[in-house]
Amino acid sequence: MTTDPNHVDKVSGQTTTGHEWDGIRELNTPLPRWWLWLFYLCIAFAFVYWIFYPAWPLASSFTPGILGHTNRAAVLADVAAGQAARAQAAAGLEKASITEIAGDPKLLELALAQGKAAFGDNCTPCHGSGGQGQKGYPNLTAGRWLWGGTLDQIQTTITHGIRAPGDPDTHTSAMPAFGKDGILKPEEIRQVANYVRTIDGLEPEQGVDVAAGKKIFADNCVACHGEDGKGNLDMGSANLTTKVWLYGNDINDLVYTITNARNSTMPAWGKRLDPETIKSLAVYVHSLGGGN
Amino acid sequence: MTIGAEEVYDDGPLYEAAKKVYPQRIWGTYRRLKWIVLWVALGVYYVVPFIRWNRGPSLPDQAVLIDIAHSRFYFFFIQIWPQEVYYFTGLLILAALILFLSNALYGRVWCGYACPQTVWTDLYFWVERAIEGDRRDRMKLDAMPWTAEKIMKRVAKHAVWLLIALATGGAAMLYFVDAPTLMRQFFTLEAPAIAYIWAGILTLTTYSLAGHLREQVCLYMCPWPRIQAALTDNEALNVTYRVDRGEPRMSVKEAQRVRAHHQPAGDCVDCLQCVAVCPTGVDIRNGPQLGCINCGLCIDACDAVMTKIKRPIRLIAFDNDENRERRMRGEANAFHPVRPRTIMYAALIALTGGIMLYVLATRSNSHLSVLHVRAPLFTETAEGGVRNGYTLRFSNKLADPQDFTLEVSGVPGISVSSVVAKPVADGRLGVRLDPDSTLEVPVYVTTAPDVNLKAQSTPITFTAVDPKTGERNVVVDHFFGP
């Protein structure tokens, strides 16, 4: 900076830098020395930082710094520390049975929190973020269960899955594809589908012989779905008398279901998740409003 | 653009070296006041962490504690949770308004007396004077070559400064954990590393700010002098050189001679005592300025000189330009502490303080928040009813367990269920909370199959009552249907 020693500002008594705008001259107000030294110190700090920490980008890499620090390693260390901190609480879940967990306020609080996280990680793609389900994927909040809605039943279903390949204890039920396999003719399927609508209190189509449908139902369906159509939890046959339908209660949906059968699957989570997580998940799913 | 020869000037230094200030010892009214404020402030700082306050077995018994690990702030009978930090906002507003009011009355007295930078710098000056001697001795010592005596004095001074800094930085830690425990751990080297790190950082800042940067903090770092300059007015009392009485300056003898000839002579004898005692090294006779912290030590210095030369004291005084005008008109000095500005500040202080007191007095020991479950917004159940989910969070700010009964009303024909809360009576649920805790309670509200909801959204009321205290928390939300 150049200063003009010949020009002294009359008001402040300071010299000026020589810069002038419309007759106003910039006063020469130098920085305090300690400030300048702090500035130099910061520059020196940058050099030290470059030596110790990742800093300069190179063509395909970067200068790693002699400490070998990476953010990813730091995060992983934090995650490990978090897991270690939770280990003690998780041990409580490991020891207790699922009914003990539901009865103990502390374990319950932990299981609900852990179950919510695990549900978000593993279950939401099919069952929705709040367990509300979607067409073909059961709604867990409505109180309609294919394989039972008690804590134990939910735990079993999550552990072994439904029609899960490779799990001998998995829930298995196979509704025949009445149309595809030629058991019923399309017209008969339409009749029985309309009858099923009537037992759920829905209007049948005009001009369809519902009485014939009732006969077909008695001959082909009661073995699994029961005479009253209420299904059977032990064999996973659907209750046909509720307002909640997994594949829809529209006539076309019903015809499609009877013609082709659905028989969808759920993975056996026992192979993927540890027992505490499955217990937590069962407690959480049970808490969603539909639990028995 | 080319630079003409006449535009190339002498290159001065890039910086301005701080001119070292050697404040001289002084006795007097304002010095005494400054000592009192200093010892009271330091006393409060060191004693407060050791005051105990019984809150029951599950809570800390330290009267003032910022418990970061458990996210609580304790202040005697008050316990602040993180969601109540607005109390601090209120305190900060109050502090700012009090600062403005003090400024409207007596200028920068905060700077001169109570600011930590002033308190610790003053303490460091005291140590410096005790070891190295007064102004003249210190100047001599600085100019002296490095003899054994100089080295000894310097080592002693910096050692005591560092000890004070350590005591300052260490004591700050006492506000964050149990003070007696930390005291013991600190000296047996069992304290957590973070305590040593912070104590170290604060030791370093205290040592450099109070020992080395001193008035540079006021001149370059602190925003308050700048703000203050914009807030002050003609009526505020600031440390002022009474220029009407002091000028023209001349020696005592000269003044006697001039007065003998019935010519006007100023009282200022240009002894520079006001400059010698100034902790920021300003010359108050140049008028109000950024460096003046309104401590009044120059008043004490000038009074001593005026007494000696048998002239009236308070040539420098807490005064303002209005009074100078009055004196020149032959009127008496006047001070108007009550004026629109101060009335407004006082009213705002009373308002803020009143609101804070009201909020504090009516603050409840429990809280209920309700969050409607959004996915799904509602469920049509297998039985044909409609179900809505709510996530309730109860808070118990007491040191004892608290029981609540939860009643849900507003929608006809509902049943309420929850895996966390257990049914008590008449469809109500019971929730028990541990001392000083919160609890998340999922609650499902289901209508009977025969209920026809008249609208897609019906108001629903959650009422949580503590039967022991009768405290009620009422939250209104919505019940959604098809």
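Student: Which two helices of chain B have axes that come within 7 Å?
Tutor: The axes of helix α6 (residues 148-173) and helix α8 (residues 193-213) of chain B come within 7 Å and cross at roughly 135°. Axes are lines fitted to C-alpha atoms, for helices over the stretch in contact, with angles from 0 to 180 degrees between N-to-C directions; helices (H or I, at least four residues) and strands (E, at least two) are DSSP runs, numbered from the N terminus.
Tutor: This is a predicted model: local features need pLDDT of at least 70, side-chain atom pairs count only at pLDDT 80 or more, and totals for chains, interfaces and linings use all residues. Residues are numbered from 1 along each chain as its sequence is written, while chains are lettered from A and ligands numbered from 1 in the order in which they are written.

Student: What does the angle make α6(B) relative to α8(B)?
Tutor: It makes α6(B) oblique to α8(B); angles under 35 degrees count as roughly parallel, over 145 as roughly antiparallel, 65 to 115 as roughly perpendicular and the rest as oblique.

Student: Switching topic, what is the strand order in the open sheet of chain B?
Tutor: The order is β2-β3-β4, with antiparallel pairing; two strands pair if DSSP finds at least two bridges between them.

Student: Which strands stand at the edges?
Tutor: β2 (64-67) and β4 (78-80) of chain B do, each with a single partner strand, so one side of each lacks a neighbour in the sheet. The twist averages 10° from one strand to the next.

Student: How many bridges join β3 and β4(B)?
Tutor: Strand β3 (residues 72-75) of chain B pairs with β4(B) over three bridges. B:F73 has B:I80 in β4(B) as its bridge partner.
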